[in-house]
Amino acid sequence: MVESVLRATLLGLQLGMTLALIAAGLTLIFGMLDVINFAHGALYMLGAYFGTVIAGQFGSFWLALLLAPLMVGLVGAAIEILSLRPLYDRNPLYHILLTFGIAIMIQGAIIQIWGAQSRQIPIPDLLSGTVAVGPVNYPVYWLFVLGVSTVLIGIVWLAIERSDLGILMQASAHDTEMVSALGIDVSKVFTGVFVFGAILAGIAGVLLGGSRSVHPGMGFGIIIEAFIIVVIGGLGSFRGAVYAALLIGLVTAYGALIAPTLTELFLFIMMAIVLMAKPSGLFGATEAA
Amino acid sequence: MKSVVEFFDRSQASPTGNELLSGQGRLAVLVSIVVLALFAPIANAYEPFWLNMLVRMMIFALLALSLDFIFGYAGLLSFGHAAMFGAGGYAAAMLITDVTANALIVLPIAMVVGAVVAGIIGWFSVRAHGIYFAMLTLAFAQMFYVIAFTDLPATVLGLESFTGGDNGLFGIQRYETFGVDFTSTLLYFYLTLATVALSFVALLRLSNSPFGRVLQGIRENEERIQFLGYNVQRYKVLGFALSGAFAGLAGGLYVPFQSVSHPGLLHWMISGELVVMLLLGGLGTLWGPMLGAGLVIFLEEQLAGFASWEIILGGIFVVVVIFAPQGLAGAITSVRNDPKNVVTNAKRAIRNYVDKVRK
C-alpha cells in the first residue's frame, strides 16, 4: 500500500512537472499575446519526432534533448511571424481557428514524413534501469525527467519574475502601447515569447518521448490536458499553471490507483467546478466581464 | 486578457439574416433546394457515393446551423456542441433498436434529448462569460464523452451495456415510417433534405423573431438588455437548449444513416471541426456555415485519397483565416456587390498581409 502510494506520488510529480512545461508555454503565450494556441500540442509532438530523428541519426539522446527543442523554436518563429503577426488586431476567435489549422497541418506533415506507426526515443544506458527510492524500485529515467523539468520550471520562474527580459515581457503584455512608445520593438518580444513557449513544449516532447510512445495522435491528446491545467490555474498565470499541473499530475496518478477509467471524468469535473466558482482560475486575476 | 473576454462576448460579425428574407434570398434558398432534389436521382444513377456524401454534408450543415444560431446570434461560443449531436444520435440508436423505427417519433425525441442535454450544459455554463463559457461547455461535453466511452450508466445501473462503451451501438437500421422504408440512400436523402430545409426555415424565423432579437441584443450589450428587464440568463439557457435541439436532430439523422453510434460523435474534435466550419462559411449568416460544413465534408472526402490531405485542409483554413476572415459568405457577398474590384481587393489583402508581417 505504502509502496504503491509512493510510486504514484513520484509518478504524479513527474507527470505534473512535464505537463507544467507544456502548460507554462501555453499560459505565457495567452498572457502576453492574447492567443489561445491550439497548435501547442502539435509543437510538443514535433519536439518528440525531431528527438527520434536526431537520436536515431546520431545515436545521442543528449544531442536530441539539446537540438530538437531549438528546431521546434524555429518552427514556432515561422508560425508567429508568418501567420499570427498579421492577426493580432483581430478577434481572438481567428487565432483559435488559425492555430487549429496549423495543428492539423503539422499532424498531416508528420504522418506524411514519418508514417502513422508509433516510435520511441532510445534512452542512454546511463538513464536506463531502476533505482531504489525507499521501498520502491523506480525507473531512473523517470527520476531524470522529474529532475530536469523541475529545474527548468524553476529557471523559467526566476527568469520571468527577476530578469530584465522577464519584466519587459510582463510590461509588454500589460501595456503594449506604452512599451512600444519607450522605443522597444514589441513585435520582437511577442515573437520571443512564442518561440520560448515552443521550445518548452519541444523539451517536454523529447523528455516524454523517451518514456511514452511517439505517435501522430499525441499532439491533440495532450492539448486538452494542458488546457484544463491552464484554465484551473488561471489563464495567463504562470504560477497557476505550475501548481495546477502538479495537481493534475497527482490526481491522474492517484486516480489510476483508485478508479482508472474515471480519472479523466474527474479532471473535467474539477475544471467545471473551478470555472463556476472562480471563472478566472485559482491564480488568475478576477474575471473581467 | 480583458480584451479576449470582451471580444468573445461581442463577436464582430453583424448578422441580420435579412438578406435571406428578401425576395432574392428566398429565391436562392428555394432554387438550392430544388437543385439538390433534382440532382439526387442523377447522382444516385451514376455515382451513389456522391449521394452518400451529400447526405452527410446536409446533416453537418444542420449541425453547423444549430451552432450558428447560438454563436452567431447570441455570441455564445459553444465548444461542446458534439455532446448534443451525440446525445441525439445515441437516443435515436436506442429507440430504433428497442422501440420503433418511425422517424416521426424518433426524431422529435432526439430533439428533446438534445435540448435537455443543452439545457443542463447551458444552465451551468451561462454563469461564466466569453472564453470561460466556451471552456465550460467543452468540459461538460467531454464529461458526456467519457461517460459514453466508459459506459458509466451500465456500471451504475448494473446493466450489461447501455452506451456500448468504446465500441458504441452498431447495426442501427434506418427509419421506416408508415410503411415507407428509408433504407435506400435516395429516400434517406429526401428525408434529410426535408428535415434540414424545415429546420432552416424554423431557425431563420426564430432568429428574426422578438426572441432572436433579444439574443442579438445580449450579444451586443448584455447589461443593457438586463436593464430593459429581460432575464438574460434565462434567454441564454433557452437559446442554448433550442440550438441543442437541432444539434440533437442532426445526430438523430446521422446515426441511422451510418448505422452506428459511437463515443467519437461526442468528442471535442467534432465540436472543434464545427467551429471551423462556421468560421470558414461565415459566422452569423446561417447560410454561410451550412456552406462551410458542406465544403469541409467535401474536402475531407476528396482529399482523403492524397496522403497529405490534412496538410491541404489545414492550409486552406490558415489561408482563409488570414485573407478572408468573413469566410465564404463574406467572399461571395463581396464578389456579388463589387464584381469589378475582385482583383484589386485581392491585391490589397496580400499587400496588407506583407506589411503586417514585416512590421
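Chain A contains eleven helices and two strands, where helices (H or I, at least four residues) and strands (E, at least two) are DSSP runs numbered from the N terminus. This is a predicted model, in which local features need pLDDT of at least 70 and side-chain atom pairs count only at pLDDT 80 or more, while totals for chains, interfaces and linings use all residues. Residues are numbered from 1 along each chain as its sequence is written, chains are lettered from A and ligands numbered from 1 in the order in which they are written, and side-chain values use heavy atoms, with hydrogens and water left out.

Read from the N terminus, the elements of chain A follow the order α-α-α-α-β-β-α-α-α-α-α-α-α. The radius of gyration of chain A is 19 Å, close to the 19 Å that the globule rule gives for 289 residues, so chain A is as compact as a globular protein of that length; the radius is taken over C-alpha atoms, and the rule is 2.2 Å times the number of residues to the power 0.38. Along its principal axes, the C-alpha trace of chain A spans about 60 × 45 × 35 Å. Of the 289 residues in chain A, 56% are buried, that is, under 20% relative accessible area with a 1.4 Å probe, protein chains only. Among contacts (heavy atoms within 4.5 Å) in chain A between residues at least 6 apart in sequence, 76% join residues at least 24 apart.

A:Thr263 lies in helix H11 (residues 263-277) of chain A and is buried, with a relative accessible area of 9%. Leaving aside neighbours within four places in sequence, A:Thr263 is in contact with A:Val251, A:Thr252, A:Gly255 and A:Ala256.

We turn now to the interface. The contact between the chains takes 52 residues from chain B and 51 residues from chain A. Together, chain B and chain A bury about 4,900 Å², 78% of it on carbon and sulfur atoms, buried area being the accessible area (1.4 Å probe) that two parts lose on being put together, summed over both. On the side of chain B that touches chain A, the elements giving two or more residues are helices H1 (2-9), H7 (130-150), H13 (268-281), H15 (309-323) and H17 (342-358) of chain B. Of these, H7(B) gives the most, with twelve residues.

Note on methods
Buried means under 20% relative accessible area, exposed over 50%, partly exposed in between (1.4 Å probe, protein chains only).
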